[in-house]
Amino acid sequence: MTSARSIVVKLSPLLACLGLLAVWQVAALWLDTESFPTAWHALQTVPQVLGDPEQLLNILDSIRRMVIGFSLAVVISIPLGLAMGRSARVSAFFNPLLMMIYPVPKAALMPIIMLWLGVGDASKTLVIFLGVSLPVIYHSFQGAKAVEEKMLWSGAAMGLSGLQRMIRIVLPAALPEILTGCRTGLVLALITMVTSEMIARQSGAGNILFNAMDMAQYDTVFAMIIIIGALGIVLDAAFDKLRWRLVKWAEPHQEILLGAS
Amino acid sequence: MQVPLRPESEAGTGVTSGERARAMIEIASVSKRFETSGRKSHLALSDIKLTVDDGAFVSILGPSGCGKSTLLYIVGGFVAPSEGVARMKGAAITGPGPDRGPVFQEFALFPWKTVLGNVMYGLRQQGVKRTEAEAQSLHLIEMVGLKGFEHFYPKELSGGMKQRVAIARTLAYRPSVLLMDEPFGALDAHTRTRLQNDLLNIWERDRKTVLFVTHSVEEAVFLSDKVVVMTRAPGRIKEIVDIDLPRPRVRAELLLDSHYQKYVVDIEGMIDDGRDDAGHS
């Protein structure tokens, strides 16, 4: 691979962003309505939003809830998913339960949860938790189910107990699949974070966005979309880097070379 | 009638102390029935009686679906027999243990561990110190011909190399018995031949007890002291053939040896290949 090509490969996400902004700019200039500011104008508003201490604290509140909700979901869902994948009984108990919860949009539960837990942190964190849990459980379940029986037998012959096999064989063997679930979960955490704040309008990034919408401050609206979008891209990229470090043993050979270059 | 001078534990077993010391594995009237859908059941193994002596290389040979692998899994403690009992050094087998080391056709390596990490795994599990486990493992890796590949991950290795790692990984924790389940079944002919030779070289050094499942007659005759020929479902022992060929065995000489050829032809005649000949189990 030539170095020129690898530079293009590395810069391609940036080029895609620039392309999108360019299309936005042209479209906004062409439509020329007040409710659709140009990309340039929205970008200029970003430092204003982040420079306002109150708005910044709001956004940080959102991120805090998202991190807590996501972490709790991962810590609880991975063991549950793995147990379901390896035990028919655990699976038989939880599967119908999860199948019922699965198609329900988690944000739709928000009104009930608000009724019980109020409009504060607890209900929003719970909704994020629910949104993240299902894909992580599902992928952990699939990953654990696919673990080769003979691999577990090999471990058993070495003297690993049932619990040791779970932690030292099933968990690492299922890790690529688990992390795929976590990556989906991370994006869902961001989505449920915004929607929860849209319903419980008390604080957070979603709150800023919809308040600005109500007051027809369209440049703030679009600046918030840029901020939330950028947050999603950065988190996803950071997570993918972490994932790659953890499961590079499972990646196809070529990707390792590409990643190492 | 009184039997004096006989330890109580052996009374009534009908096994003299001389025989008992030599018997490493004893399979006593083992049957295995699998439940299939619709309340039916499939008899995979029927009334298997087999004794494997300490230090013997015994192959179990049979057509696909004769339950030969199941028999091996019962000795490994991975599968429980429906009837009868398998014993290891006189004690009933109730589960897997480091005294019986399996090697599977599917390699079953830990893909998140390097070659060295895989080979060390059992030693570390048994509480051997890291430096000591590493030294022993490096020696084994060299013995199976993988020097220089210590830090490779399994996915970076060919099938033959993976099986070498699997063999080293099992040898590392020094099981009394090696349980090999068609270990070379997934390899191409050339690699297969090389691994057979290397396995024989390693085995002839320390004469571990080996129970070796295969569907290749040549492989069984080339490697074994004893070949157990099984029939198709339900799996029964049809015949046990002692392979009286001198060791160390050299393939090139053996292939021209009329005794070897006669063993192969005779045993091929014993196997009821039946109607279908579809692949291996």
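Predicted model: local features only at pLDDT ≥ 70, side-chain atom pairs only at ≥ 80, totals over all residues.
Before I start, one term: two strands pair if DSSP finds at least two bridges between them.

First, the overall picture. Chain B has 9 helices and 10 strands. Of its 281 residues, 39% count as buried. If you take contacts in chain B between residues at least 6 apart in sequence, 69% of them join residues at least 24 apart.

Now to strand 9 of chain B, residues 226–230. Buried or exposed, for the most part? Mostly covered: 4 of the 5 residues in strand 9 are buried.

Strand 9 of chain B has strand 3, residues 57–61, as a parallel neighbour, and 4 bridges join the two. As an example from that pairing, Val58(B) has Lys226(B) of strand 9 as its bridge partner.

Strand 9 is also joined to strand 10, residues 237–242 of chain B, by 5 bridges, and here the two run antiparallel. Val228(B) has its bridge partner in strand 10, namely Ile240(B). Strands 9 and 10 of chain B form a hairpin, with 6 residues between them.

Last, the interface. How many residues of chain B are in contact with chain A? There are 22, and they meet 14 residues of chain A. On the chain B side, strand 6 (100–104) and helix 3 (115–125) each supply at least two residues. Strand 6 of chain B gives the largest share, 4 residues. By class, the side of chain B that touches chain A has 12 nonpolar, 6 polar and 4 charged residues.

That is the end of my part.

Note on methods. Residues numbered from 1 in each chain as written. Chains lettered and ligands numbered in written order. Contact = placed C-beta atoms within 7 Å. Nonpolar A, V, L, I, M, F, W, Y, C, P; charged D, E, K, R; others polar. Buried ≥ 20, exposed ≤ 12 C-beta atoms within 10 Å, placed from the backbone.
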